[in-house]
Amino acid sequence: MAPPSLVGDIGGGALYLAIGVLAAAMHARDTGNGQVVDAAIVDGSAHMMNLLLSLKAAGQVASIRGCSILDGPHWYSTYRCADGNFISVGSLEPKFYALLCKKLGLAGDSSFDDGYDRDAWPELKQRFSEIFAMRTREEWRALLEGSDACFAPVLDPDEAARHPHMAARGVYREIDNILQAMPAPRFSGSSLPIPGPIPLHHEDPSTIRRGWSKPDRCGITARTDCCE
């Protein structure tokens, strides 16, 4: 299940619009001519599908669910653990798959030798389901995390914020008891500003715009006079 709004509103819409505005600004800087940026959610979302469309053309992706290289194999899926939590594996390359099987105690089981045998996927996925259901998420995390088995625990945002890797990078921060992801991407020559409190529903829009217009630590000033 795709996370809500990430593919369309944010990925295919807002990010493509931002890229379009930046490209148009560079064009205007070089030529003196402006452009109208036509960014549509359907355009951006379809454009992000090009990798999968190329895989379909190569015969690796099928239109039928559960029969493709990224949704059919036992080594590329999500599994329920003994405690009701979930883990994910994505051991696409043979060397990673071999390591995953070794970690699961299956190195000597010939049934798992050929990870690309599509006919065997349903049975092997069932066996993986039974294996992963034998331990808790934390037990699997202790065994597999940090290895090249291509494993990750499935975490909600609050859990992700406490994960050592995410905490070390400072990906999340609580501001006024509200969890927020920090700005991205990061730059080598300037620091990113820390977001302020989330505006209240009844807050005066002009107050919010004035906050946007203040010079930040990146040395960039956002103009808001066109919105006044």
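Reader: Which residues are buried in helix H4 (residues 94-103)?

Author: Please bear in mind that this is a predicted model. In H4, the buried residues are Phe96, Tyr97, Leu100 and Cys101. They line one face of the helix, because they fall within an arc of 140 degrees when seen down the axis of H4.

Reader: And which residues are exposed on the other side of H4?

Author: Lys95 and Lys102 are exposed there.

Reader: What follows H4?

Author: Gly105 follows H4, and its phi is positive, near 80 degrees.

Reader: Turning to helix H1 (residues 6-31), which residues are buried there?

Author: Gly8, Gly11, Gly12, Gly13, Gly20 and Ala24 are buried in H1. Helix H2 (41-48) is included in what covers them. H1 is followed by Gly32, which has a positive phi, near 80 degrees.

Reader: Where is Leu92 found?

Author: Leu92 lies in the loop between S2 and H4.

Reader: What is the relative accessible area of Leu92?

Author: The value is 31%, so Leu92 counts as partly exposed. Patch residues need over 30% relative accessible area, and Leu92 has 31%.

How values were computed
Residues are numbered from 1 along each chain as its sequence is written. This is a predicted model: local features need pLDDT of at least 70, side-chain atom pairs count only at pLDDT 80 or more; totals for chains, interfaces and linings use all residues. Side-chain values use heavy atoms; hydrogens and water are left out. Buried means under 20% relative accessible area, exposed over 50%, partly exposed in between (1.4 Å probe, protein chains only). Helices (H or I, at least four residues) and strands (E, at least two) are DSSP runs, numbered from the N terminus. The arc is that of the directions from the helix axis to the C-beta atoms. Contact means heavy atoms within 4.5 Å.
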